[in-house]
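The following note sets out several points for a reader who is meeting this structure for the first time. Each point may be followed with the structure open alongside.

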Amino acid sequence: MTVNFHPDAIARPGVLRIHPYQPGRPVEEIERDYGVTNALKLASNENPLGPSPKSLLALAGSADFSRYPDGNGFHLKELIARRHGVDPAQITLGNGSNDVLELAARAFAGPGDQVVYSQYSFAVYALAALGAGAEGVEVPAQNHAQDLDETLNRITPATRLIFIANPNNPTCTWHTADALRNFLDRAPQHALTVVDEAYAEYMSGAAGYPDCTAAEWLARHPNLVVTRTFSKIFGLAGLRVGYALSSAAIADLLNRIRQPFNVSAPAQAAACAALGDGDFVARSCEVNADGTAALCAGLAELGITPLPPAGNFVTFATRFTADQLFEAMLHQGVIIRSLASYKMPRHVRITVGGAEDIARCLIALRAALAALAEADGG
Ligand SMILES: *Cc1c(COP(=O)(O)O)cnc(C)c1O
């Protein structure tokens, strides 16, 4: 007798509608599949400097792995609280900020509820909504940016969560303090607004950029959640640590549903050390500013004008499809990101690497575009 078991028939409808997140392709995979060595990955917005030396030291000295981590992340929360001038009770730690984005969705949205986010916004928002069983509401973007007025228009009594990436990956668009304040003042009290500040530390040179973690923002907007990560400027993407700041009441709810040990002991140790290395953050910012300028100058020589950059990545369109350019770059040994999965079929995103990475990437890009043009008949 054959057993006919069809998991799709009983799975949650939201899960069936999920298109899995497409991560940047790993270096080892590309080297295997394309027969290249020394592949360069500029696809996941990682820090070209790697982690802070202080994080590496803390990792090497981090405790006995046979023991569970501190489930409450006492030391890490103390340091985060001091950094942002908040109370430790306002913090929710996550296995990457991805984890806290999902905690917010699970704690506040389920079947019958709506989660609002922008067209072209970070892919995880839609995944978090569907994973929680809620309906995702995608607001049309304006010049690739989240339209905050239209976002307000799309709010209904069923809205429980609004995601705002500031700046947004992959479009580099961001909202000023005035724009966000205006939005939050008008946002309804029956929904949380989650401001994702994964790239905030890179925005120090951007006039008008708001730091929503500031105590005044959190105090004025009791429905505000702000997320940060150790994956980007702190160079700890592989360890998976992020956090949310909010009112203590919201943090209490988020902490109820997280896994009791969602941040590993080595990750906590490395993150604590990272917060103590302000020089590393400053140097990372400088390397990124120089690199962004160099990459944009190189693109200009190729006749390419990117979207105005923000964060540590550059996004641009070419006359070929994103997938074609992605593939042609792989043949040159450079991994970039096609934005086809963001329904931006001609745009690609390149992480700002170090000076040598950028030089190599630009040579590869010139060769890849030439190869595509030739295949295209000139
Ligand atoms: C990279 C990124 C994150 C961070 O993800 P982690 O889970 O913390 O590694 C969050 N939001 C945006 C917009 C990002 O680009």
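1. Helix α6 passes helix α7 in a right-handed crossing. In this predicted model, α6 spans residues 97-108 and α7 spans residues 124-131. Their axes come within 9 Å and cross at roughly 40°. That angle makes α6 oblique to α7, because angles under 35 degrees count as roughly parallel and 65 to 115 as roughly perpendicular.

2. Which residues of the two helices make this contact? On the side of α6 they are Asn98, Leu101, Glu102 and Ala105, and on the side of α7 they are Val124, Tyr125 and Ala128. By class, the residues of the contact of α6 with α7 comprise 5 nonpolar, 1 polar and 1 charged.

3. A second helix pair may be read in the manner of the first. Two packed helices are described by the angle between their axes and the distance between the axes. For helix α5 (residues 74-84) and helix α12 (residues 265-275), the angle is about 25° and the axes lie 9 Å apart. The two helices are therefore roughly parallel to each other, since the limit for that description is under 35 degrees. The crossing of α5 past α12 is left-handed.

4. The contact of α5 with α12 brings His75, Leu76, Leu79, Ile80 and Arg83 of α5 against Gln268, Ala271, Cys272 and Leu275 of α12. Sorted by class, these residues are 6 nonpolar, 2 polar and 1 charged. One of the α12 residues in this contact is Cys272, and Cys272 is buried, with a relative accessible area of 17%.

5. How many disulfides does the model contain? The count comes to 0. Cys296 illustrates the reasoning: the cysteine sulfur closest to the sulfur of Cys296 belongs to Cys172 and is 8.8 Å away, which is too far for a bond, because a disulfide requires the two sulfur atoms to be within 2.5 Å. Cys296 is itself buried, at a relative accessible area of 17%.

6. Val116 deserves attention next. This residue belongs to strand β3, which covers residues 114-118. Is Val116 buried or exposed? With a relative accessible area of 0%, Val116 is buried, because buried means under 20%. Setting aside residues up to four places away in sequence, Val116 touches Val137, Val139, Thr151, Arg154, Thr159, Leu161, Ile162 and Phe163. As for Leu307, the C-alpha atoms of Val116 and Leu307 are 24 Å apart in space, and the two residues are 191 apart in sequence.

7. Val139, one of the residues touched by Val116, lies in strand β4. Val139 is also buried, at a relative accessible area of 0%. Apart from neighbours within four places in sequence, the contacts of Val139 are Val116, Tyr117, Ser118, Gln119, Asp147, Glu150, Thr151 and Arg154. Thr173 is 34 residues from Val139 in sequence, and their C-alpha atoms are 15 Å apart.

8. A cis bond joins Asn166 and Pro167, with omega at about -5°. Another cis bond runs from Asn169 to Pro170, where omega is near 15°. Where does Pro167 lie? Its place is in the loop between β5 (159-165) and α9 (177-186). Pro170 is likewise found in the loop between β5 and α9.

9. Backbone phi angles give a further point. Asn143 is not a glycine, yet has a positive phi of about 50°. Asn143 is placed in the loop between β4 (135-139) and α8 (148-153). At 73% relative accessibility Asn143 counts as exposed, because exposed means over 50%.

10. Arg240 also has a positive phi, of about 65°, although it is not a glycine. The loop that holds Arg240 lies between β7 (224-229) and β8 (242-245). Arg240 has a relative accessible area of 29% and is therefore partly exposed, since that value falls between the limits of 20% and 50%.

Definitions and conventions: Residues numbered from 1 in each chain as written. Predicted model: local features only at pLDDT ≥ 70, side-chain atom pairs only at ≥ 80, totals over all residues. Heavy atoms only, no water. Buried < 20%, exposed > 50% of the residue type's maximum accessible area, 1.4 Å probe, protein only. Axes fitted to C-alpha atoms, helices over the stretch in contact; angles between N-to-C directions. Helix = DSSP H or I, 4+ residues; strand = E, 2+ residues; numbered from the N terminus. Parallel < 35°, antiparallel > 145°, perpendicular 65-115°, else oblique. Left-handed = near helix turned anticlockwise from the far one by under 90°. Contact = heavy atoms within 4.5 Å. Nonpolar A, V, L, I, M, F, W, Y, C, P; charged D, E, K, R; others polar.
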